[in-house]
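Subject: Handover of a structure and findings

Dear colleague,

Please find below the structure that I am handing over to you. My findings follow it, arranged by topic.

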Amino acid sequence: MVSGRNEKIAGKLRLGMVGGGKDAFIGGVHRIAARIDGEFELVAGALSSTPERALESGRALGLDEKRIYGSFQEMASREARRKDGIDAVAIVTPNHMHYPAAREFLKRGIHVICDKPLTSTMADAKKLQKLANDSDALFILTHNYTGYPMIRQAREMIARGDLGTIRVIQAEYAQDWLTEAVEETGSKQASWRTDPAQSGAGGALGDIGTHAYNLLSFVTGLELSELSADLQSFVKGRRLDDNAHVMMRFSSGARGMLWASQVSPGNENGLRLRIYGDKGGLEWGQEDPNYLWFTPFGEPKRLITRNGAGAGAAAGRVSRVPPGHPEGYLEGFATIYAEAARAIRAKHDKTSVDKDVIFPTVDDGVAGIAFVEACVKSAKKNGAWVKP
């Protein structure tokens, strides 16, 4: 393990980054999230696929030029040999580069914090899963919505039995930014997301559908047994889906529906979750994340607020400010980094990580890729029911 090069992890954990250079949205999000709780300091990076752009991006972030690398292979090799080398690396590249980048760091015992989805193919996902399971280093997948306090609240309530036996789950993630062929205008964010070679088999399904699927799995703990999917590419010439409707059957007997769309005007980041059991229901929306609606059957709706009356310990431990002060996307992302830091420090100290520390793992990532591939397979068979 990389932190074993030092007698003790003192102060902030040293973080490296692969990808996330100039004009990359998600790299900036990761850097902010890593700083919020004061657990990480960015000290090294291979921030672009071209050395010149990597150097320019590293300089803009104020990195030591000796630790601005032209490739992730060079970065992994050199950082692993330094006494003050990185403790963890954030991988924020397009999907097809997640596995080769993660491989270089995991095999050197450097902890990996990787953006979602796990990889672009199931073959790479399985290889990465084996590598992560065999490594002494941790692998954390940043399904950041699992870090929202009210999502932790919902998970706690369902586990406690407040909803009774879960019967119906509805998850959706709707956007409108790909309503037109933005990828043909030179948009970096659109071009790789609509390219099967970089994104994988799923378009909207892989980009945001995996978030909705991961979230419903995280909150309910239910196991998907089979699904039926109808996928569309509404924009002419688009090679990947931009809209998806998925029906789901769970091993418990529960039923679910998932809608993922990037061609729905009027929607920005409309991630929503509705869960109904025989004793009550829960409703939550990402664009208003500090509120969770709970309706016991036969009683009026109850509004539970983040850090307010009725919120439990699971929400409280990941809340940063008093009720009424909004926490949102960046803080949810920061929760994953904070949980990762707790796990990394426990790993270094050879102590057990607190049972309340939760973050998505490589296994969650494999489940996400299996979900995408099963949806694609089902759609090709005119919505036939298939097992993930």
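Helix α12 (residues 362–380) gives three residues to the lining of the largest cavity, the largest share of that lining. Helices (H or I, at least four residues) and strands (E, at least two) are DSSP runs, numbered from the N terminus. A cavity is, on a 1 Å grid over the protein atoms alone, a set of points where a 1.4 Å probe fits but cannot get out; a pocket is an open set with protein on both sides within 12 Å along at least five of seven lines, and lining residues have an atom within 4 Å of a point.

Please note that this is a predicted model, in which local features need pLDDT of at least 70 and side-chain atom pairs count only at pLDDT 80 or more, while totals for chains, interfaces and linings use all residues. Residues are numbered from 1 along each chain as its sequence is written, and side-chain values use heavy atoms, with hydrogens and water left out.

Cavities

Three cavities of 30 Å³ or more are counted. The largest cavity has a volume of about 70 Å³, a volume being the space filled by probe spheres set on grid points that are joined across faces, edges and corners. Its lining consists of P117, T119, S120, S199, G200, A201, G202, G206, I369, V372 and E373. By class, four of these residues are nonpolar, six polar and one charged. Here Ala, Val, Leu, Ile, Met, Phe, Trp, Tyr, Cys and Pro count as nonpolar, Asp, Glu, Lys and Arg as charged, and the others, Gly among them, as polar.

The largest pocket has a volume of about 1000 Å³. It is lined by 48 residues, and I26, V92, Q189, W192 and R193 are the closest to its centre. Two or more lining residues come from each of α1 (25–36), α3 (72–81), α7 (188–193), α8 (196–199), α9 (204–220) and α11 (329–349). Of these elements, α7 gives the most, with five residues. The lining of the largest pocket comprises 18 nonpolar, 23 polar and seven charged residues.

The second largest pocket holds about 270 Å³ of space. Its lining has 13 residues, and N214, S217, F218, D364 and A367 lie nearest its centre. The elements α9 and α12 each give two or more residues to this lining, and the largest share, four residues, belongs to α9. Seven of the lining residues of the second largest pocket are nonpolar, four polar and two charged.

A buried histidine

H143 is found in the loop between β5 (139–141) and α6 (149–160). H143 counts as buried because its relative accessibility is 3%; buried means under 20% relative accessible area, exposed over 50%, and partly exposed in between (1.4 Å probe, protein chains only). Apart from its neighbours within four places in sequence, H143 is in contact (heavy atoms within 4.5 Å) with K116, T210, H211, N214, I336 and P360.

Strand pairing

Strand β6 (residues 166–174) runs antiparallel to strand β10 (residues 270–277), and eight bridges join them. Two strands pair if DSSP finds at least two bridges between them. I166 has G277 as its bridge partner in β10. Strand β6 also runs parallel to strand β9 (residues 255–261), with seven bridges between them. There, V168 has R255 of β9 as its bridge partner.

Salt bridges

The whole structure contains 33 salt bridges, each a side-chain nitrogen of Lys or Arg within 4 Å of a carboxyl oxygen of Asp or Glu. One of them joins R274 and E172, at 3.1 Å from N to O. This pair links distant parts of the chain, with R274 in strand β10 and E172 in strand β6, 102 residues apart. E172 is buried, at a relative accessible area of 14%.

In another salt bridge, the closest N and O atoms of R59 and E65 are 2.8 Å apart. E65 is partly exposed, with a relative accessible area of 45%, and R59 is also partly exposed, at 47%.

K355 and D356 form a salt bridge too, with their closest N and O atoms 3.4 Å apart. K355 counts as exposed at 72% relative accessibility, whereas D356 is partly exposed, with a relative accessible area of 35%.

Yours sincerely
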